[in-house]
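Q: Hi! I'm new to this one. Could you walk me through it?

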Amino acid sequence: MEPWTVRHRNPVADKMSDRRRDADRRRRREKPWRNWYERAAWLRRRAAQLVKQPLCERCLAEGRVVPATIAHHVERHEGDWDKFINGELASSCKTCHDSIEQRIEALGYDPGVDTAGRPVDPNHPWNQTRSETS
Ligand SMILES: [Zn+2]
């Protein structure tokens, strides 16, 4: 690096986020949990969720009545079986689900919040700051 180059980024943080990005990329490529969606335990949970709430919850919140086709994990399970099978679900139409997923892809974290307004994704910057300062 030239002496006159001003470097605004923190090299340690860069290395950490590089590592996290590599791990994410690897996880996305492998996705060992893909076949979990075919397991009976999941199919039962999915069916139960869609019976409990047959309408897309996000559309409903915005005044639209749209049938849900997807049982969406409120908190991303990231390959964690316990979260996958016990985590909170929300009923969603495909349009809402795809737009949520696209937002997550673009941001690198889930911008969703729980009923208390707390971000659900541990990768959410709000959660990152809290865990690093505590
Ligand atoms: Zn919807």
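A short chat follows about the chain, its helices and a couple of residues.

Q: What kind of model is this?
A: It's a predicted model. The chain averages a pLDDT of 83, and 83% of the residues score at least 70.

Q: How many helices and strands does the chain have?
A: There are six helices and two strands. Going from the N terminus, the order is α-α-α-β-α-β-α-α.

Q: And what share of the residues is buried?
A: Buried residues are 10% of the 134 in the chain.

Q: What about contacts between residues 24 or more positions apart?
A: Those make up 46% of the chain's contacts that have a separation of 6 or more.

Q: Back to α2. Is it buried or in the open?
A: Largely in the open, because the number of buried residues among its 13 is zero.

Q: What span should α2 have, and what do its ends say?
A: With 13 residues at 1.5 Å a residue, α2 should span 18 Å. Its end C-alpha atoms are 18 Å apart, so the two agree.

Q: How does helix α5 do on that check?
A: Helix α5 covers residues 94–107, and its 14 residues should span 20 Å. The C-alpha atoms at its ends are 20 Å apart, which agrees.

Q: What comes just after α5?
A: Gly108, which takes a positive phi of about 90 degrees.

Q: New topic: where is Val66?
A: Val66 is in the loop between α3 (57–61) and β1 (70–73).

Q: Which residues is Val66 in contact with, leaving aside its neighbours within four places in sequence?
A: Val66 is in contact with Leu55, Cys56, Cys59 and Cys93. As for Ser92, it is 26 residues from Val66 in sequence and 8.7 Å from it in space, C-alpha to C-alpha.

Q: Why does Val66 count as partly exposed?
A: Because 18 other C-beta atoms lie within 10 Å of its own, while a buried residue would need 20 or more and an exposed one has 12 or fewer.

Q: Last one: is Asn86 buried or exposed?
A: Exposed, because Asn86 has 11 C-beta neighbours inside 10 Å. Asn86 lies in helix α4, residues 81–86.

Q: How far is Asn86 from Trp42?
A: They are 44 residues apart in sequence and 9.7 Å apart in space, C-alpha to C-alpha.

Key: Residues numbered from 1 in each chain as written. Predicted model: local features only at pLDDT ≥ 70, side-chain atom pairs only at ≥ 80, totals over all residues. Helix = DSSP H or I, 4+ residues; strand = E, 2+ residues; numbered from the N terminus. pLDDT = per-residue confidence, 0-100. Contact = placed C-beta atoms within 7 Å. Expected span 1.5 Å × (residues − 1).
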